[in-house]
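Please look over the sequence and the three-dimensional structure before reading on. The explanation is meant to be read alongside them.

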Amino acid sequence: MPLNKEIQPGDNDELTRERLQATFDTQQMAAALWGSDLARKRRELAKKVDKLTVLHDSKDMSFMTREEKLSENARKVVQMFAHVADIVEDPSDDAEMFHLSSNAIGHEGHPFGVHFVMFIPALKAQADDEQREKWLMPALGLQLIGTYAQTELGHGTNLRALETMATFDKATDEFVIHTPTVTALKWWPGSLGKSSNHAVVSANLIIDGKSYGHHNFMVQIRDENTHKPLKGITVGDIGPKMAYNASDNGFLGFDHHRIPRRNMLMRHAKVDKNGVYTKPPHAKIGYSAMVHVRSVMIGHQGMFLGSASTIAIRYSLVRRQGEIKEGSGEVKILDYQTQQHRLFPQLARAYVFMFAGKEVRELYQKVLSDMEKGETTLLADLHALTSGLKSVVTHLCVAGMEQCRMACGGHGYSRASGIPEIWGVAVGGCTYEGENMVMLLQLARYLMKAVKETKKGKSLGRLVDYLLLPQDRHSLIGRVPQGEYGPHLAAFEHIARRQIFKVADELTKLQDKGMSKEIAWQKKAVELQRAARLHTRFYLAACFHRKVQSVVDGRIREALADLYHLHLNYELLDMVNYALEDAYLKADQVDFIREDMYRLLETIRPNAISLVDAFEFSDRELRSVLGRRDGHVYENLYKWAKESELNRADVLPYFDKYLKPMMLAARQRSNI
Ligand SMILES: CCCCCCCC/C=C\CCCCCCCCC/C=C/C(=O)SCCNC(=O)CCNC(=O)[C@H](O)C(C)(C)COP(=O)(O)OP(=O)(O)OC[C@H]1O[C@@H](n2cnc3c(N)ncnc32)[C@H](O)[C@@H]1OP(=O)(O)O
Ligand SMILES: Cc1cc2nc3c(=O)[nH]c(=O)nc-3n(C[C@H](O)[C@H](O)[C@H](O)COP(=O)(O)OP(=O)(O)OC[C@H]3O[C@@H](n4cnc5c(N)ncnc54)[C@H](O)[C@@H]3O)c2cc1C
């Protein structure tokens, strides 16, 4: 019985032979990746989507205009909700719904893109009970379409500089929402341009001329029936983007638009009818919708990299190019060491990002339930962790996806590969929900506070306990038996701790010389973001370790351990300069790491297809000709190209309009 459940009649023989080599059962590996319950649900919902033709793409989205894309995805999302009860077990389970939408709709966006990801989480965390009844229930019941309108044309990162005003009018018990300048226009919110009729709007709360900072307000922006903008509201689409073009990211302006006082979200901060303001229990509790998205992004980005790895690895087992031994025939490109070195580390990253995504969601759920009770102690830890992971994971994902694209040669550049679209969506993640560099500096702030606590012999939180441990001077890599690669993990810890203390000391020295804290911070900002990156990369490696240790099945643990060990070697080499600076690692140890990495590439090679099959992306979800499960790439590339709108006629009008007259004129000139 093959251990790879993906083998089916009619498959490309090359892939079948590859699949027969697996040392583990792919469904068990899928359970380790997704969790057994979600893996089963994903499998079942994919089968149901396959049977429901109303959920299928009417043509490849690559051949559509933006308006066609918006319309196509609006059609599919409506059909998806119409059939949801027959497809998923629990429509209130975000994870299951996300996978349904990933299969049926893809990742280019749809009218409910921000509704479920931010609008509803903002209401859940920030609306009081009465407000939940009024908006959350209708929002969950699809009676309205919401978005999250925070970013403005002039400011996205620096929320304290947002200009939109919400001025309390005691006489009418209303807020007057106003856009005072062009830079105050809301800019970017997803599904705002043409789809949403409600928005959670961030605006400065002003009472009796005093500003209380930005708070969130529920604003209806379009008529429920005509869908026309309400009086005092200007709204539209901001235009085409790098990708994500089935989403109508929009602009929004208010001209003294009035809303009832009770439209301010009042679970935590409140304003009564006399204009008396009550502070929230934590100053940043209003940022919870952002923390929510950051926490879900980690696993999703892992999934994007997993998709790109699946495409590139399957294709690399079908594509033959060149010979290794002269005269013995062309080899599969995955047999080249360089190709393995390009792809397997990306695969390992995809795995660990998905594991980290699961851990961070568990912490988010705990903080959310604490917040319900007014308890906010873990919010700072969660903010620090999500800020670092969001930045490191999105950055490594897009770098990894680019490797996957290049590993597919010319065909990787074609939209038929599917990689350009997922790459375009994933790279947006480096910017949205907090620009990566800015979020790394948020984590750095936390780490600098942690150093202060450490110096008092205390720990700021579980995530930084390791700062209390003493530094070893030399690594034991290659000096003791490898075992579970403890010395490798210790090296990540050493590198992170050293950089964190080093930059903390440098900041102190600058301040001791009389420099202000802020200027010292600027002088060391690059080093600070490095400290944040190294801390996060240590967290990821430790997370991989925890996962491998938790697996009971021996064959799964062994295959996962190979990926984990490859990850340790590859990432250590990527940041080896830090370990060489203080001679923690010697040159022979670096060689040892390299040789072990090459050995692991060979070990992983026979399991490569099964490690990507274990993601269990259906062909519909992957939307890639190169990554097809059955491996029939070439005939389908030809079929796909024939769908190009340029092939609708042998001769297109521009030939007669421009090229033909030019050539005729040139010929006439040459005849003269
Ligand atoms: C069809 C059906 C489908 C169903 C599917 C269901 C579910 C699907 C689920 C998921 C799908 C996901 C796919 C993703 C889709 C893509 C959608 C994209 C949507 C994008 C939206 C956006 O981008 S919204 C806008 C986001 N904007 C930002 O992120 C702005 C970034 N800026 C900031 O956050 C702040 O300005 C910044 C943190 C940088 C600074 O804030 P500031 O108030 O100035 O504070 P500062 O002085 O720096 O720090 C003071 C103090 O506060 C601490 N702190 C800051 N933030 C937080 C926080 N969030 N929590 C806790 N604490 C915080 C900070 O650390 C400081 O602490 P101390 O050092 O003083 O102790
Ligand atoms: C696809 C997409 C979807 C989006 N969806 C939404 C949405 O639904 N709702 C919404 O409200 N917004 C949305 N946004 C907006 C997004 O949240 C912002 O673009 C993001 O927060 C970055 O802000 P910015 O554009 O102002 O960048 P800027 O802050 O102008 O960044 C530009 C550069 O300045 C640097 N920089 C800025 N401040 C600092 C600092 N303090 N220290 C060091 N460097 C700094 C940055 O690192 C960056 O290199 C979306 C954006 C995208 C791309």
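The model shown is predicted. The protein is divided into four parts: domain 1 (35-111), domain 2 (115-280), domain 3 (447-613) and domain 4 (635-672). Between the C-alpha centres of domain 1 and domain 3 there is a distance of 39 Å.

Ligand 1 is surrounded by 36 residues, and the closest are Lys284, Tyr287, His383, Tyr432 and Gly434. Sorted by class, this shell contains 19 nonpolar, 12 polar and 5 charged residues. Several helices contribute to the shell: α6 (94-104), α7 (113-126), α9 (288-318), α11 (379-407) and α14 (436-455) each provide at least two of its residues. Because domain 1 (35-111) and domain 2 (115-280) both give residues to the shell, ligand 1 lies between them.

Attention now turns to the strands. Strands of a sheet pair through backbone hydrogen bonds, in either a parallel or an antiparallel sense. Strand β8 (residues 250-254) is joined to β7 over 5 bridges in the antiparallel sense. Within β8, Phe251 stands opposite Gly236.

Finally, an unreviewed UniProt entry carries the annotation "domain: Acyl-CoA oxidase C-terminal" for residues 489-663. This span, residues 489-663, is 76% helix and 0% strand. The C-alpha atoms at the ends of residues 489-663 lie 67 Å apart.

Definitions and conventions: Residues numbered from 1 in each chain as written. Chains lettered and ligands numbered in written order. Predicted model: local features only at pLDDT ≥ 70, side-chain atom pairs only at ≥ 80, totals over all residues. UniProt positions renumbered as here; feature names shortened; annotations may be inferred. Helix = DSSP H or I, 4+ residues; strand = E, 2+ residues; numbered from the N terminus. Domains from an automatic or database assignment. Near = placed C-beta within 6 Å. Nonpolar A, V, L, I, M, F, W, Y, C, P; charged D, E, K, R; others polar. Pairing = 2+ DSSP bridges.
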